[in-house]
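Please read the following briefing alongside the sequence and the coordinates, which are shown here. The points after the lead sentences are grouped by topic.

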Amino acid sequence: MPMLKISIISVQPKMFEGFLTESIVARAVRKGACEIEIVDLREFGEGRWRKVDDKPYGGGPGMLMKCGPWFEAVEYCVGEKVARWEGERARVDDGHLRIIMTSPAGKTFTQRDAEMLAGISPSHLVFMCGHYEGFDARIEALATDKYSVGDFVMTGGELAAAAMVDSIVRLLPGVLGGGPQATASESFGRDGMLEAPQYTHPPEFRGMKVPEVLLSGDHAKIEAWKRSEARKLTERERPELIGM
Ligand SMILES: C[S@@+](CC[C@H](N)C(=O)[O-])C[C@H]1O[C@@H](n2cnc3c(N)ncnc32)[C@H](O)[C@@H]1O
């Protein structure tokens, strides 16, 4: 039984086919580190045409996602856990369940969020992928968390959910070859800085040489070089990360 179950609710479930068969996520599922279910929102659509959207009150362009299909789809994923209501928000009294709405209005997702979500164990993460002009505002009552993947607008939440799921799943024990060390030394890892530049064969390509120290075999010097280059790179490209 995997320690992490992920449910992704979407009107475009086919968008996840390659993601689930070709990626590191596929490997994690094969290894039993997690289980992923893709839930087609249209299964919960209304009427003969399985309607999941409607015109916004007060006018405006495009269509909005309706409450009914979303509440039913989330309740299908989480069972009774979300069935109790307090005021206008669903009460999720299970600390192992997170219901994550994708939205440009959400908190910007970071490596710290990926680590936090990968660290809840056992856990069930439910991702809500919006579409069209977005969600009826009442659907937000279902969410325990609301995340954006950056200050830009996409057509749907599928790529946002896939990006977040990938970054979470690769942190699960046993998924990456190098273990925790493999991710601790990466960008935004242990010290929060960017990773130092890396090189592979050949030692010289079109006049560009690999730094001498990396060919020296002196591990202490190499480590010191990596730390110093990581700091320089972070100061140059992302100074706001220093000291975070
Ligand atoms: C076209 S967008 C809706 C945009 C919305 N009308 C607005 O102006 O904020 C449709 C859906 O794509 C997803 N989405 C779009 N951009 C996103 C982002 N930067 N991060 C996370 N989800 C995003 C959300 O699920 C959203 O409901």
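Predicted model: local features only at pLDDT ≥ 70, side-chain atom pairs only at ≥ 80, totals over all residues.

Residues are numbered from 1 along each chain as its sequence is written.

**Surroundings of glycine 189**
- Glycine 189 lies in the loop between helix H6 (180–184) and strand E10 (204–205), helices (H or I, at least four residues) and strands (E, at least two) being DSSP runs numbered from the N terminus.
- Not counting residues up to four places away in sequence, glycine 189 touches Thr183 and Ala184, a contact being two C-beta atoms, placed from the backbone, within 7 Å.
- The C-alpha atom of glycine 189 is separated by 8.8 Å from that of arginine 112, although the two are 77 residues apart along the chain.

**The sheet**
- Five strands form an open sheet in the order E2-E1-E8-E7-E9 with parallel pairing, where two strands pair if DSSP finds at least two bridges between them.
- Strand E2 (34–40) and strand E9 (145–148) stand at the edges with a single partner strand each, so one side of each has no neighbour in the sheet.
- E7 and strand E8 (residues 123–128) run parallel and are joined by five bridges, and isoleucine 100 has phenylalanine 127 as its bridge partner in E8.
- Helix H5 packs on the sheet, touching strand E1 (4–10), E2, E7, E8 and E9, and its direction makes about 170 degrees with that of E1; axes are lines fitted to C-alpha atoms, for helices over the stretch in contact, and angles run from 0 to 180 degrees between N-to-C directions.

**The nonpolar core**
- The largest nonpolar core has 46 residues, and those with the most contacts inside it are Ile9, Ile100, Val126, Phe127, Met128 and Val165; such a core is a set of buried Ala, Val, Leu, Ile, Met, Phe, Trp, Tyr and Cys residues joined through C-beta atoms within 7 Å.
- Helix H5 (residues 158–169) contributes the largest share of this core, seven residues.
- Leaving aside neighbours within four places in sequence, phenylalanine 127 is in contact with residues including Ile9, Ile100 and Val165.

Terms used. Buried ≥ 20, exposed ≤ 12 C-beta atoms within 10 Å, placed from the backbone.
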